[in-house]
Amino acid sequence: MTAVKERARAHVVTDSAGERSAVPVFLSYDPENDPGAVHMTLPASVVGGTAPDDWVFTRDLLERGLTAPVANGPVSIWPCGRAQAVVELHSATGVSLVQFDSQALIRFLGRTYAAVAAARVRRLG
């Protein structure tokens, strides 16, 4: 199995004065079924719903967003300082800003590239 599934801690950015707590965000990538896309699942508490919120966007968008602001449709990603990255998600119910440690996203991306290499080896072998 070459699919990558990872749990990352993130902070939801709001305009409230209270302390931001970490929320679990699930990142996944499947090079055999959807090689160009990463999946991000936010807990229901982030979006104010009763079910988790699933987002799909290109792996390239995530990678480029770690070094410069990028956008594609309802998803924007940009670096925030030297060690953070922000993912902005627009939906019919509003906008969610989710801040990650860049290192967690870099680690996830590294695992996705290793999964692609493992899938190629398996197909050749």
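In this predicted model, 38% of the 125 residues of the chain count as buried. The chain exposes about 7300 Å², of which carbon and sulfur atoms supply 54%. It contains 3 helices and 8 strands, which follow one another along the sequence as β-β-β-α-β-α-β-β-β-β-α. Of the contacts between residues at least 6 apart in sequence, 34% join residues at least 24 apart.

Side chains of opposite charge can pair when their charged atoms come close. The whole structure holds 3 salt bridges, and E6, R107 and R111 are linked in a network of such bridges. Between R107 and E6, the closest N and O atoms are 3.9 Å apart. Because R107 belongs to helix α3 (residues 102–124) and E6 to strand β1 (residues 4–13), this pair ties together parts that lie 101 residues apart in sequence. E6 also bridges to R111, with the closest N and O atoms 2.8 Å apart; here, too, strand β1 is linked to helix α3, across 105 residues. E6 is buried, at a relative accessible area of 11%, whereas R107 is partly exposed at 47% and R111 is partly exposed at 38%.

A further salt bridge joins R64 and D60, at 2.7 Å from N to O. These residues are 4 apart in helix α2 (residues 59–65) and are therefore separated by about one helical turn. R64 is partly exposed, with 39% relative accessibility, and D60 is partly exposed as well, with 42%.

Aromatic rings complete the account. The charged end of R59 sits over the ring of Y113, 3.9 Å from the ring centre. The count of aromatic pairs is 0.

Conventions
Residues are numbered from 1 along each chain as its sequence is written. This is a predicted model: local features need pLDDT of at least 70, side-chain atom pairs count only at pLDDT 80 or more; totals for chains, interfaces and linings use all residues. Side-chain values use heavy atoms; hydrogens and water are left out. Rings of Phe, Tyr and Trp (its six-membered ring) pair if their centres lie within 6.5 Å; planes under 30 degrees apart count as stacked, over 60 as edge-to-face and the rest as tilted. A charge sits over a ring if NZ of Lys or CZ of Arg is within 6 Å of the ring centre and within 35 degrees of the ring normal. Helices (H or I, at least four residues) and strands (E, at least two) are DSSP runs, numbered from the N terminus. Buried means under 20% relative accessible area, exposed over 50%, partly exposed in between (1.4 Å probe, protein chains only). Contact means heavy atoms within 4.5 Å. Accessible areas come from the Shrake-Rupley method with a 1.4 Å probe; for residues, only the protein chains shown count as cover. A salt bridge is a side-chain nitrogen of Lys or Arg within 4 Å of a carboxyl oxygen of Asp or Glu.
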